[in-house]
Amino acid sequence: MNLSLKSKEGNEAVIELDGALISRLILGNEDVIKYPLKEDDPKKGYPSALLFPFPNRIKDARYTFEGKEYTLDINDTDSHNAIHGLIAFERFELVSQSENKAKLKYVYHGHNEGYPFPFEFMVEYSLSGHQLKVVVEGINTGETNMPVGFAWHPYFGFGSAPIGEMEVKAPRRVKMELSERNIPTGESETERAGLIPLKNTILDSVFTLPEGENSSENTIELRFKRKKLLVSQKTGKNKLNYFVLYTPPSRDCIAIEPQSCNTNAFNNEEGLVVLKPGKKVKYEMSVKLEA
């Protein structure tokens, strides 16, 4: 069963209950959400996945939290890591729906020994104008503290246009150096704001925003001819202060991923949130078309 949202302007979003994924997004008559390599494997590349309680990778699938060691499943077998959280393709429950808005919920009972911290995860999608708003909340329903991080993993493009005809506009940012296993080394470099032409460009990097540059929102623009797709994320304390840019081998789209913490945050604690019992985290994102 899929859910369909429509706005009075004729925009449409299709949501799958498995993972609460956006599988189709039409803004201003443009089909902007992509599923690279879907025919090969619907889960490959984690298209549109909601990544919680950790995004990206955990080195060796092991971490220590408040003095105790935990071991997750190794599902990134090529690099021997845990990857992309616990809820990406789980079945969600529909909480409420109107013509242009839907709220879905997933309840985790702490059954995985590698992450024995129960939580409730909520996502709300809403269409208004030529914009999709995404709001997620994670609530600690257990009796102990829990470590959390989040990311959204959508792929974007314009119809069937090749990615080489597009460019990305990104703010000033700090690029994390990654090992051959895609784990941060601790080194980084600052990149200036500007346009990144995607022709013959391969991207697969984690970025954060420079410290001391106060802003409540970060926006990445994907440009094609005279059109702009704006992917925005609310920033600030315990919010979405990281992002990933990734061009898959299919070369027909780009992943622009708002993220709350660094890769391997359960170990390096960069951007990690420690959530107390009964407390919640909230993350806000949006996708908007400007023509």
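Strands, in what follows, are DSSP runs of E of at least two residues, numbered from the N terminus. Please note also that this is a predicted model.

I shall take the largest pocket first. About 520 Å³ of space lies within the largest pocket. Its lining comprises 22 residues, and those nearest the centre are Arg57, Asp76, Ile83, His84 and Tyr246. Two strands, S22 (204-208) and S25 (242-246), each contribute at least two residues to this lining. The most comes from S22, which gives three residues.

I turn now to the aromatic rings. The model contains 21 aromatic pairs. In one of them, Tyr115 and Phe117 have ring centres 4.9 Å apart and planes at 80 degrees; since over 60 degrees counts as edge-to-face, the pair is so classed. Tyr115 has 0% relative accessibility and therefore counts as buried, and Phe117, at 5%, is likewise buried.

Tyr115 also pairs with Phe266, in a stacked arrangement with 6.1 Å between centres and 20 degrees between planes. Because Tyr115 lies in the loop between strands S12 (101-108) and S13 (119-128), and Phe266 in helix H1 (residues 265-268), this pair ties together parts 151 residues apart in sequence. Both Tyr115 and Phe266 are buried.

Finally, the charged end of Arg173 sits over the ring of Phe207, at 5.6 Å from the ring centre.

How values were computed:
Residues numbered from 1 in each chain as written. Predicted model: local features only at pLDDT ≥ 70, side-chain atom pairs only at ≥ 80, totals over all residues. Heavy atoms only, no water. Phe/Tyr/Trp six-rings, centres within 6.5 Å; stacked < 30°, edge-to-face > 60°. Buried < 20%, exposed > 50% of the residue type's maximum accessible area, 1.4 Å probe, protein only. Helix = DSSP H or I, 4+ residues; strand = E, 2+ residues; numbered from the N terminus. Lys NZ or Arg CZ within 6 Å of the ring centre and 35° of its normal. 1 Å grid on protein atoms, 1.4 Å probe; cavity = no way out; pocket = protein on both sides within 12 Å on 5 of 7 lines; lining within 4 Å. Points joined across faces, edges and corners; volume = space filled by probe spheres on them.
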